[in-house]
Amino acid sequence: MDCDLKAISRDIRCDTLAAIGHLGVGHLGGSLSLAELLAVLYFKEMHIDPKNPKMPGRDRLICSKGHAGPAIYAALANRGYFEKELLMTLNQGGTRLPSHCDSNLTVGIDMTTGSLGQGFSCAVGAALGSKLEEDGATIYTIIGDGETQEGQIWEAAMFAAAKKLDNLIAFTDRNKLQLDGPVSQVNDISPLAEKWAAFGWNVIDVEDGNDVDQVEAAVAHAKLGRDSERPTMVILNTRKGCGVPWIEELGAANHNTNITEEQALAAIAAIRGEG
Amino acid sequence: MEMRAVYAECLAQLMEQDRHVVVLDADLARASGTLKLYERFPRQMFDCGIAEQNMASIAAGLSSYGFKPWIESFAPFATRRICDQIAISICYAKQNVKIVGTDPGISAELNGGTHMSMEDMGVVRSIPGMVIYEPVDERQLRAAMPVLNAYVGPVYIRLFRKAQPDVFPEGYKFDLFKANLLREGKDLSIFVTGMMTKDCLDAARILLEKGIDAEIINVHTIKPVDRETVLASARKTGAVLTVENHNVIGGLHSAILETLAREKIPAMAVGVQDRFGEVGKLPYLREAVGLTVENIVATAEEAIKLK
């Protein structure tokens, strides 16, 4: 697809804010940090068809940090999987858009996630499935840097490398914050790139994961690893709450935080104004 | 024939018929009897190494891709160790994964208390959508395997690995959701699962000598329990005994009590009395936890007295 990825990132960010703002509370920080990546994947790289969401051989995205559901839903709505009005039902009783991704509820969601570490293994399973089907699909997956503390991540990392799953491209949303504080203080995961390299993965370190050009270049680079017999990890250095200064300033407290509709509308206006 | 050999033979047939049937191990293929299948099915068998939680979620990912995965390990590692992966990646996500836990309860014998799952059914029984099946003998397992594979959804299979005495006749037809009447009786209903089934038939002969006519029903599927059969038998006899190689909390006894909650029928249990296992051979362990024919007879008599 040929489109303005910066504008789409803004749309995803604004629609995420609108949905969470309408509800009054939600996982703002780790949703806002992903807007650029989701724009690049859904609008440029992924071989998908919103009119045929279960298309065999399609690329898949499994967001293992399932709490970024609101950003994924904003991206799916913008891509045409469903009407944008649905975003306003986020987390309301009976909604099809729950806090954490659910493949049985939401069209376009490839796997249910939310219990950290598990979605990453599921993505490895899907990558293995794609290899067995020989369908040429690329399996994308997103993990959080806090999530990286889960032992299951490293079990899956080992398996994916051992089985040479070079159709798997993973992203770490390296926003450096988790619920209880800075990742470096809670339980440091650094040196992160070296860990993934030691596990046998190609590693691409992106200086600014909220710069859409850098993300675009990194994903293009990652796709070159398709025949390397190694899975690829793209570390995106992002800002938790990116795009809204007061949310960013909340730091670790922005993981799941309150926001009024007025605050959301003001933030959206500021983002649009910048555009 | 060992139950694991029957299981492996059936799995091989299923893999032969359908390339989407895949098997995942966590370094216990040798114990499960499936190691020799790796050469024959290199694109359908995957050893994840000693990483059960990864195995469970990889299976869910394969299921999301249209595959029909079977995962296997010792019963405690196939259930309590990966309870959240079973709950979320498999059951909540509605994935079609078969989970095989071998050496349930005291059958872990020389591996001892750490490997002895007295609670595996309890762990998975409280997860919505889960089906639990425990085979009795070779014929039942053979009949069950294609049915289990064809059933779309998660099933926990509690597999005794070694040979089991024959209970079911040639030509036995298996219905996953229907309990099997093994002996008709009028004084007491004995509901039994797995390796204790033959013991109950032996106990019934002793009880008959004592003037007690026991009905024996194999509840091979512990969840969902065949309510119709259980209620009809319990109402007919007016007294119930459950017999299982599992903690009396969380397994067959609990399932039967839940079924009988609105009935005024006494129900006693032969099972592991809320304790951990220990190392030993089966005859010692049976005595240690009370899984003996004598205990079945004695507890049946107690149940009758409560009528």
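## A tour of chains A and B

Select chain A and chain B together. They bury about 2300 Å² between them, with 53% of it on carbon and sulfur atoms. Buried area here is the accessible area (1.4 Å probe) that two parts lose on being put together, summed over both. This is a predicted model: local features need pLDDT of at least 70, side-chain atom pairs count only at pLDDT 80 or more, and totals for chains, interfaces and linings use all residues. Residues are numbered from 1 along each chain as its sequence is written, chains are lettered from A and ligands numbered from 1 in the order in which they are written, and side-chain values use heavy atoms, leaving out hydrogens and water.

**Stop 1: the interface**

Show the contacts between the chains (heavy atoms within 4.5 Å). On chain A, 30 residues take part, facing 26 residues of chain B.

Next, color α5 (118-133) and α6 (151-162) of chain A. Each supplies at least two residues of the side of chain A that touches chain B. Helices (H or I, at least four residues) and strands (E, at least two) are DSSP runs, numbered from the N terminus. Which helix gives the most to this side of chain A? It is α5(A), with 12 residues. By class, the side of chain A that touches chain B has 10 nonpolar, 10 polar and 10 charged residues. The classes: Ala, Val, Leu, Ile, Met, Phe, Trp, Tyr, Cys and Pro are nonpolar, Asp, Glu, Lys and Arg are charged, and the others, Gly among them, are polar.

**Stop 2: salt bridges**

The criterion is a side-chain nitrogen of Lys or Arg within 4 Å of a carboxyl oxygen of Asp or Glu. Across the interface of chain A and chain B, 2 salt bridges qualify. Select Arg19(B) and Glu133(A), which form a salt bridge with the closest N and O atoms 2.8 Å apart. Over all chains the count is 38.

Move to Arg13(A) and Glu36(A). Their salt bridge has its closest N and O atoms 2.8 Å apart. The pair links distant parts of the chain, 23 residues apart: Arg13(A) is in α1 (5-23) and Glu36(A) in α3 (35-45) of chain A.

**Stop 3: helix pairs in chain B**

Select α4 (52-64) and α6 (83-92) of chain B. They pack at about 10°, with axes 9 Å apart. Axes are lines fitted to C-alpha atoms, for helices over the stretch in contact, and angles run from 0 to 180 degrees between N-to-C directions. So α4(B) and α6(B) are roughly parallel. Angles under 35 degrees count as roughly parallel, over 145 as roughly antiparallel, 65 to 115 as roughly perpendicular and the rest as oblique.

Then take α10 (227-237) and α11 (252-259) of chain B. Their angle is about 75° and their axes are 10 Å apart. These two helices are therefore roughly perpendicular. Arg227(B), Val230(B) and Leu231(B) of α10(B) meet Ile256(B), Glu258(B) and Thr259(B) of α11(B).

**Stop 4: backbone details**

Go to Ser190(A) and Pro191(A). A cis peptide bond joins them, omega about 0°. Pro191(A) lies in the loop between α7 (183-187) and α8 (192-198) of chain A.

Finish at Asp27(B). Although not a glycine, Asp27(B) has a positive phi of about 65°.
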